[in-house]
Amino acid sequence: MKHLYEINDWEKFLDGNLEIAQKVDGTNLNVVYKNNKLLWYGREGKKELDLIQRTVLSLYEDAINYLEDKVKKVLIQDNQYLSFEFFPSFIDPIIPVLIKPKNNLILLYSKNLDKTIPELAEILNVTPQPVIFRGKLTEKQKEIIKSRKYTLESIRELNPNFEFVINPLIIEGLIITNLDENKTYKMTDLNFTEKVKTKKQNKDYEYDEYYKIIMNIILNDFNVDIPKNYEYTPENYLNVL
């Protein structure tokens with residue numbers, strides 16, 4: 001998903017009828033119904049999670065095991081699609097999880113389904129993506145969006161009654177949809193962007209030769225994508241073995 005400020009005349013985008021949601025970033029998990037079966041995908045749905053990935057990495061298994069039977073009641077026609085963010089307890093996210101979503105899952109969006117995200121989330125017993133604002137922004141509210149400095153106080157300017165998920169003290173950013181144009185972009189908080197850069201720079205894991213060999217076999221022989229947030233720990237190392 002593109003940043004809003006990357007498009008031409010991006011400030012005019014904010015003049016429309018908008019829906020603004022809290023951006024959350026866990027482990028992305030997607031599922032689509034096709035040819036009478038469910039297909040599971042990782043980040044942004046680019047590649048199917050086959051049995052090798054699911055067995056070796058085991059990153060997604062808790063979420064898939066929880067969702068599988070429930071999703072079968074929702075996705076019943078080809079190309080119906082759901083996208084989630086998953087917050088497994090064994091992953092240390094950049095933003096600490098202070099407010100856990102239901103069953104560690106947030107439903108982001110759907111395709112080719114008649115029900116709304118809150119309705120689907122209730123059926124699946126997960127948290128819907130938290131919508132902060134719907135309507136047209138005031139000039140003051142537009143300046144908040146443009147600033148890319150999102151705090152508890154500034155979000156309250158958009159919606160004084162908004163209920164946060166994950167963490168109200170560290171806000172990753174916003175997902176902004178122009179309902180007139182049916183286009184969606186993100187705006188990431190500047191402080192969060194710096195946190196990501198710092199975390200990447202501070203990573204200094206020591207990988208032994210066995211780990212490197214195993215990763216090489218998995219990546220080259222089995223063509224498995226390692227998720228970006230899959231970090232080396234003794235527990236994860238044992239899972240790979």
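Which residue in β7 does Ala21 stand opposite? In this predicted model, in which residues are numbered from 1 along each chain as its sequence is written, local features need pLDDT of at least 70, side-chain atom pairs count only at pLDDT 80 or more, and totals for chains, interfaces and linings use all residues. Side-chain values use heavy atoms, with hydrogens and water left out.

Ala21 stands opposite Val131 in β7. Helices (H or I, at least four residues) and strands (E, at least two) are DSSP runs numbered from the N terminus, and two strands are taken to pair if DSSP finds at least two bridges between them. Strand β1 (residues 18-22) pairs with β7 in the antiparallel sense over four bridges. Both strands belong to an open sheet of four strands in the order β7-β1-β8-β9, with antiparallel pairing.

Strand β4 (residues 81-86) and strand β5 (residues 105-111) run antiparallel and are joined by six bridges, with Lys111 in β5 as the bridge partner of Tyr81. Strand β6 (residues 127-128), by contrast, runs parallel to β5 and is joined to it by two bridges; Thr127 in β6 is the bridge partner of Ile106. Together with helix α4 (residues 117-124), β5 and β6 make a right-handed β-α-β unit, a crossover being right-handed if, with the strands pointing away from the viewer, the path from the first strand over the helix to the second runs clockwise.

The structure holds seven salt bridges, each defined as a side-chain nitrogen of Lys or Arg within 4 Å of a carboxyl oxygen of Asp or Glu. One of them joins the side chains of Lys142 and Asp15 at 2.6 Å, N to O. Lys142 lies in helix α5 (residues 139-147) and Asp15 in the loop between α1 (10-13) and β1, so the pair ties together parts that are 127 residues apart in sequence. Lys142 is buried at 9% relative accessibility, whereas Asp15 is partly exposed at 41%; buried means under 20% relative accessible area, exposed over 50%, and partly exposed in between (1.4 Å probe, protein chains only). A salt bridge also links Lys140 to Glu157, with the closest N and O atoms 3.5 Å apart. As Lys140 lies in helix α5 and Glu157 in helix α6, this pair ties together parts that are 17 residues apart in sequence. Lys140 is exposed at 54% relative accessibility, and Glu157 is partly exposed at 38%. Within helix α5, the side chains of Lys146 and Glu143 meet in a salt bridge (3.5 Å, N to O); being three residues apart, they are separated by about one helical turn. Glu11, Glu143 and Lys146 are linked in a network of salt bridges.

Tyr41, in strand β3 (residues 37-41), counts as buried at 16% relative accessibility. Leu169, found in the loop between α6 (152-158) and β8 (173-178), is exposed, with a relative accessible area of 67%.
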